[in-house]
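I opened this notebook to keep track of what I looked up.

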Amino acid sequence: ADALFRIRSETKPVTGVAMLILYQEGKWKLDDPVTKYLPELANLRVANGVDAEGRLILAPVNRPPTMRELMTHTAGFAYGLADDPGSVADQAYYRAGVLQSDSLEHMVQKVAMLPMYAQPGALWRYSVAADIQGYIVERLSGQPLPVFMEERIFRPLGMKDTAFWAPPEKLPRLAALYDGDPATGALAPAMEGAWRDVSKPPATPLGGGGLVSTAGDFARFAQMILNKGVLDGVRILRPETVALMTQNHLPPGFVVTTNGTTGVLNPGPKPFPFAAGMGYGIDMAVAVDPAASGAPVGPGTVSWGGSAGTWFWIDPANDLFFVGMIQRLGGVGAGLDATTRTVVYQALERPPVKEAKLGSTQ
């Protein structure tokens, strides 16, 4: 029950909360340009393919991305998690080792020199946005990101086992990480680079995917969100700030909708690349129209997961949250996300249906 898990991209909502703590203090606004806080990003350029000699074609951004776009993966940045042959921007990030930088400052310096994936506001693209947010937290607070999170989130919430690394006395509790053998499908120990090593403090604490935590710790974080920002008498966020975090911030053209007469998906010009009826809030997905997505969750349910096999959702309509943790690479919960939602909602007790009286047309 107290095993430590690499929660990877589940770190993003935690970074979002760190940002919103500073938002409450008046340190930034959603529609401010990112360059107000990171002037080194003033000369961003967008990759427009390559020329006949294989050189990148670059164009200046039309405008700086906004903080709202940074918080919703619509700012136009790339990620560089892999050497993506379909994206010259992701290739450039990968080859520059953006996520393996010496510090968050160094990471942002690299991003400033590398091509953007798209113009700001043009589309939704998973990116280093939350990692950049982590550096903004450092700039605005004057504290290293791990220190800020410990003092303002983890310690107040009693999340005693959540951090960017596991010290020696806790390493025996670190869950083994597995991967599937591509030839046989059999589980095998995962082989990862040194930058993913959680047994020592990282040079670059990644706000997009660096935390380790336990199921119990993350449950306290989820309960705080479900409680509109408070847990055990300790308030982290105001109710209106939680409402801001958990509402959809994507323009209508980004959210895939369902045509009520034909049932045909209408993706619009800039679709959000998930199920119909889904949107995106501050660093996590939002169920705008669960009926369209086919998910059994209540409207306003927020969720996200991590690539090492962790996932969660928070459903205010049904007053519940769920935290799932395994350690297998290859996607959120290795397919268990949908299965656990079905099982949970089948198990909910509903008000009893009144029996119809004899002769009634009910």
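Predicted model: local features only at pLDDT ≥ 70, side-chain atom pairs only at ≥ 80, totals over all residues.

Entry 1. I asked how many aromatic pairs a search of the whole structure finds. The search gives 13. I then looked up one of them, formed by Tyr 126 and Trp 304, with 5.8 Å from centre to centre and 55 degrees between the planes. This pair is tilted, because only planes under 30 degrees apart count as stacked and those over 60 as edge-to-face.

Entry 2. Where do Tyr 126 and Trp 304 lie in the chain? I found Tyr 126 in the loop between α4 (104-113) and α5 (129-141), and Trp 304 in strand β13 (residues 302-306). The two are 178 residues apart, and their pair links distant parts of the chain.

Entry 3. Trp 304 has a relative accessible area of 14%, so it falls under the 20% limit and is buried. Tyr 126 has 23% and is therefore partly exposed.

Entry 4. I turned to Phe 218 and Phe 312. Their ring centres are 5.1 Å apart and their planes stand at 55 degrees, so I recorded this pair as tilted. Phe 218 belongs to helix α7 (residues 215-226) and Phe 312 to strand β14 (residues 310-315), so the pair ties together parts that are 94 residues apart in sequence. Both Phe 218 and Phe 312 are buried.

Entry 5. I looked up a charge next to a ring. The charged end of Arg 125 sits over the ring of Tyr 117, at 3.9 Å from the ring centre.

Entry 6. On the surface I found a nonpolar patch made of Val 50, Leu 56 and Leu 58. Together they have about 220 Å² of accessible area. Val 50 is in strand β2 (residues 45-50). Its relative accessible area is 45%, so Val 50 is partly exposed.

Entry 7. What does the side chain of Asp 161 join by a polar contact? The partner is the side chain of Lys 170, at 2.9 Å. Asp 161 is placed in the loop between α6 (145-157) and β4 (178-180).

Notes
Residues numbered from 1 in each chain as written. Heavy atoms only, no water. Phe/Tyr/Trp six-rings, centres within 6.5 Å; stacked < 30°, edge-to-face > 60°. Helix = DSSP H or I, 4+ residues; strand = E, 2+ residues; numbered from the N terminus. Buried < 20%, exposed > 50% of the residue type's maximum accessible area, 1.4 Å probe, protein only. Lys NZ or Arg CZ within 6 Å of the ring centre and 35° of its normal. Patch = residues over 30% accessible without salt bridge, like charges linked within 9 Å, V, L, I, M, F, W, Y side chains within 5 Å. Areas by Shrake-Rupley, 256 points an atom, 1.4 Å probe, with all protein chains shown as cover. Salt bridge = Lys/Arg side-chain N within 4 Å of Asp/Glu carboxyl O. Polar contact = N/O pair within 3.5 Å; in protein donor to acceptor, adjacent residues only side chain to side chain.
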